[in-house]
Amino acid sequence: MSARLLLLLGGMLCLQAVFAQETQRLYLSGTDKDHTTTWDFYCSGGRRSGQWTTIPVPSNWEQQGFGAYNYGHDKVKADEQGIYRYRFAAPANWRQQQVSIVFDGVMTDAEVKINGRVAGAIHQGSFYRFKYDISALLRNGSNLLEVKVSKMSANAGVNRAERNGDFWILGGIYRPVYLEVKPLVHIERIAINAAANGDYSVQTFTNRLPAGYSLSAQVFTLEGKAVQEPVNVTTSAGASPANKAGNEANEYTYTLHQSIPHPAPWSAEFPNRYRLVVQIKNGARVIHSVTQPFGFRTIEVRKRDGIYVNDTKVMLKGVNRHSAWPESGRTLSKDISVLDVNLMKDMNMNAVRMSHYPPDEHFLEVCDSLGLFVLDELTGWQAAYDTVVGHQLVRELVERDVNHPSVIFWDNGNEGGFNRALDGDYALYDPQQRPVLHPWERFNGLDTKHYPNFNYLVNSSLYDQDILMPTEFMHGLYDGGMGAGLPDFWERMLQHPRCAGGFLWAFADEGLVRTDKNGIIDTDGNHAPDGIVGPHREKEGSFYAIKSTWSPVHISLPVISTGFNGRVPIENRYDYTSLAQCQFRWQLLRFPSPGKNNTADTIAGGKITSPELGPHTKGFLQLALPEGWRQADALYITATDPYGREIITRSWPLQSPAKAASGMVSLGARGVTTGNSGDTLIVDNVNEVYYFSRSSGQLLQLLTPKGKISLGGGPVLAGVQQELKQFSWQENKGGGGTLTVKYEGNGFLQLQWVFRRGGLPAELDYSYSIKGETPFTGITFRYPEEQVQGLSWIGEGPYRVWKNRLQGQQFGSWYKAYNNTVTGESWEYPEFKGYHANVYRATFHTAASDLTFYIGNEGTFLQVFRPQAPKGAGNNNTTPAFPAGDIGFMSAIAPIGTKFQDAAQMGPESQGNVMLNYTPVSGRIWIETAVSR
């Protein structure tokens with residue numbers, strides 16, 4: 001047996017010894033949405049009411065077909081009650097132990113009875129853990145638990161703070177219920193204050209300890225290795241040496257101190273954790289033991305400066321998160337917590353704000369283990385709890401969450417829902433003395449203004465002395481906000497001398513599966529489709545824009561120029577991590593020919609030496625590329641963090657668009673012929689016959705041996721009415737010809753259709769100019785949407801872009817099948833319709849024939865039809881103007897706004913388009929059908 005295995009086994013035996021006499025947790029309900037227990041249930045109103053039946057616990061009863069639905073804004077609210085019954089056996093030796101029943105969350109008022117006797121005062125408040133000592137109520141054998149749950153509270157303040165909130169309000173026992181079994185002499189709870197320098201104290205709350213009993217605290221690694229000898233205190237006559245304000249009458253406090261040399265501190269980048277084991281002993285015998293994971297971490301707000309964690313100034317890159325899942329409402333699981341935190345980490349976020357209530361505890365556990373800074377929030381959406389119930393709920397919030405190193409702030413309500421009489425309560429139960437925020441207002445030296453526009457950021461950086469940290473900004477709605485405009489905001493925030501980052505609104509569309517509406521997913525109009533991801537965590541385009549913008553590895557190289565020597569400028573935007581701890585790789589790719597096969601080939605690749613760049617420093621990556629690398633189609637660079645998570649992949653085209661068009665082929669020596677039919681000019685290009693209107697100058701259609709291709713209605717200058725001034729055909733030497741078409745109006749559009757001998761694809765050369773500001777510029781065609789089956793293209797992808805959301809896409813070869821997704825309403829992504837950036841080649845796969853466009857200009861945006869406006873759009877901020885055509889080749893596209901701001905308020909990238917000095921735009925397109933290929 002190896003020495004390492006002996007050490008491991010020894011550590012396990014040590015852990016078994018020190019963790020003996022732990023509190024037992026006996027579940028009466030299931031543990032999460034996927035593991036439930038059936039209880040008897042009676043609903044007083046709405047669906048399936050008036051009769052005893054059963055229900056899974058935990059759950060929201062609306063999601064099980066009971067009662068009625070309400071969004072918090074609804075003026076008339078359902079007010080049903082649910083009565084639960086469940087029989088359970090008392091724990092073994094229950095008379096020699098203390099038995100409490102614990103509820104992790106009940107919506108909203110809960111009256112609890114054991115064997116017909118009330119366990120304690122009715123609990124009010126939906127999002128908080130509460131418990132009752134039921135030791136005196138138990139019987140031998142079977143015991144009856146009865147819980148009467150009122151959806152609306154008898155407390156008007158609770159209803160104002162919770163039930164009128166801007167979120168779905170549901171009913172039921174929606175988090176687990178369990179028995180907590182402890183020895184009669186026991187530790188009730190502990191509160192740890194562990195500083196980054198290794199000093200820690202633990203407040204240990206017990207019932208009265210007999211004289212001569214001792215308390216000890218010892219720090220272990222997560223693997224069970226003792227870090228240092230325990231610290232001990234021996235009691236005398238059971239008196240409390242340091243009874244604390246706010247304690248229960250029979251609760252005693254002992255504070256143990258110790259210093260650990262050189263601990264690995266906890267941060268969002270390096271979430272190092274330890275275990276603290278606190279024990280009550282009688283001599284050598286362990287009476288009761290509590291084990292608590294924790295981290296050494298120090299949080300400090302330095303006024304007129306910033307937020308410091310472990311003496312390092314941090315920028316919070318955060319998002320607001322509701323606790324919701326479509327099928328189960330607010331009943332979740334640890335798997336969902338892991339999913340959500342990983343998605344946030346994948347977007348290079350380092351923080352999350354709880355909106356607008358405390359989450360499941362397992363969410364905080366995952367934040368602890370994977371690394372996210374957390375703002376933990378007392379409910380109070382634009383209205384506050386009254387002071388009496390508020391005192392109780394603050395205590396329940398802090399006592400449950402105090403030991404999570406991820407929690408760095410307490411939020412005392414939201415957007416005016418601040419009961420200022422509660423501000424001092426958090427410190428009563430938190431030995432770390434975490435700062436308290438009032439999200440939305442200036443408080444404690446922080447300006448947490450919601451939804452500042454770009455001008456607010458500028459003025460704040462010039463004039464304001466408070467730390468700027470908007471706890472909500474870039475309000476997403478459908479496809480607007482979030483990633484759109486974020487690059488401008490973030491760069492300005494980085495320049496702000498007193499900015500501490502901010503929190504996007506919001507993480508996920510809060511859509512519920514409506515059991516009363518045939519299972520549709522309902523976001524209550526435009527109240528809840530605010531997410532970066534959909535209800536089932538489907539990724540929108542903003543996901544990748546945020547990932548790119550918030551990448552701690554910032555690569556600023558815009559293009560691969562002719563003089564490129566493998567040297568790539570790079571900036572380390574981490575707070576704690578050296579780039580020497582990250583991994584870098586390069587790839588050279590070659591793209592396929594037109595068709596549905598969009599798979600690119602990696603023709604070469606290799607590692608890049610990680611640079612020795614500390615946090616907030618700049619330097620270079622040096623690529624060792626092979627001979628002939630310029631013959632590849634694209635270069636990719638990927639960075640991964642010390643844990644192997646991808647931080648960013650950047651891509652660059654290595655060929656010109658004209659090179660991509662060089663694969664077009666000639667199919668013989670035959671020349672081009674023309675004919676006329678009334679108003680129509682007919683051009684036979686060997687493989688396709690083009691039909692043009694002499695009166696409009698527009699292409700009408702194409703005919704191939706396989707049939708009609710309904711490309712027509714253009715090209716026209718998008719969004720501009722113009723008058724035809726010239727339509728002329730000229731035969732060229734060698735058997736080809738040129739059709740010249742010119743329009744005038746606001747500016748001009750000039751077209752030359754070039755047809756060459758041998759059946760080469762038709763070439764369209766165009767130039768145009770527009771006076772004044774426009775939402776977009778380019779040329780468009782008509783094409784019947786119902787005939788399109790899919791699109792393959794070479795260019796940026798796979799998601800669509802807006803003028804102010806170009807980040808996060810890769811230059812590559814892509815394919816997507818047709819869909820009619822409306823962002824935030826139907827969740828099939830990527831959306832088919834919209835703009836794609838820097839497209840070199842695009843093939844529309846249609847019912848008639850594949851239709852390929854080769855684009856001769858870098859920087860051309862491909863317009864793919866027109867996105868359908870969401871039904872609940874409400875305003876035009878997130879439904880920007882779009883060309884009337886179906887297929888367009890654009891030199892400029894529109895930005896998109898947020899729920900509360902039009903695009904113009906969101907920074908430089910979000911302004912309208914102006915052609916400087918009216919300099920004409922020139923472009924070139926080749927059109928190829930499947931027949932010519």
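Which residue follows α4, and is its phi positive or negative? The residue is Gly371, and its phi is positive, near 100°. Keep in mind as you explore that this is a predicted model. Its mean pLDDT is 93, and 95% of the residues reach 70 or more. Residues 1–19 are another matter, with a pLDDT below 50; beyond near neighbours in sequence, that stretch has 15 contacts in the model.

- You can pick out the buried residues of α4 by name: Glu361, His362, Phe363, Leu364, Val366, Cys367 and Asp368.

- In soluble globular proteins, nonpolar side chains tend to be buried together.
- Here, the largest nonpolar core has 69 residues. Met349, Val352, Leu378, Leu504, Ile532 and Ile546 are the ones that touch the most other members.
- Helix α5 (residues 387–401) gives this core its largest share, which is five residues.

**A pair of helices**

- Now look at helix α7 (residues 454–463) beside helix α8 (residues 486–495): their axes are 10 Å apart and they pack at an angle of about 5°.
- Angles under 35 degrees count as roughly parallel, and therefore α7 is roughly parallel to α8.
- On the α7 side, Phe454, Leu457, Val458 and Ser461 make the contact. Their counterparts on α8 are Asp488, Phe489, Arg492 and Met493.

**A sheet of four strands**

- Four strands form an open sheet in the order β40-β39-β42-β43, and the pairing is antiparallel.
- The edges are β40 (601–608) and β43 (646–653); each has a single partner strand, so one side of each is left without a neighbour in the sheet.
- If direction is ignored, neighbouring strands of this sheet are turned by 20° against each other on average.
- Inside the sheet, seven bridges link β39 (residues 583–590) with β42 (residues 634–640) in the antiparallel sense. To find one of the meeting points, look for Trp586, whose bridge partner in β42 is Ile637.

**A sheet of three strands**

- Another open sheet has three strands, ordered β16-β17-β20, with antiparallel pairing.
- Its edge strands, β16 (187–194) and β20 (252–259), each pair on one side only.
- From one strand to the next, the twist averages 15°.
- Seven bridges connect β16 with β17 (residues 199–206), again in the antiparallel sense. Here Arg189 has Phe205 of β17 as its bridge partner.

**A hairpin to trace**

- Strands β50 (residues 722–732) and β51 (residues 736–745) run antiparallel and are joined by ten bridges.
- Across this pair, Gln726 stands opposite Lys742 of β51.
- Three residues lie between the strands of the hairpin, where Gly734 takes a positive phi near 95°.

Note on methods
Residues are numbered from 1 along each chain as its sequence is written. This is a predicted model: local features need pLDDT of at least 70, side-chain atom pairs count only at pLDDT 80 or more; totals for chains, interfaces and linings use all residues. Side-chain values use heavy atoms; hydrogens and water are left out. pLDDT is the predictor's confidence in each residue, from 0 to 100. Contact means heavy atoms within 4.5 Å. Two strands pair if DSSP finds at least two bridges between them. Helices (H or I, at least four residues) and strands (E, at least two) are DSSP runs, numbered from the N terminus. Axes are lines fitted to C-alpha atoms, for helices over the stretch in contact, and angles run from 0 to 180 degrees between N-to-C directions. A nonpolar core is a set of buried Ala, Val, Leu, Ile, Met, Phe, Trp, Tyr and Cys residues joined through side-chain atoms within 4.5 Å. Buried means under 20% relative accessible area, exposed over 50%, partly exposed in between (1.4 Å probe, protein chains only). Angles under 35 degrees count as roughly parallel, over 145 as roughly antiparallel, 65 to 115 as roughly perpendicular and the rest as oblique.
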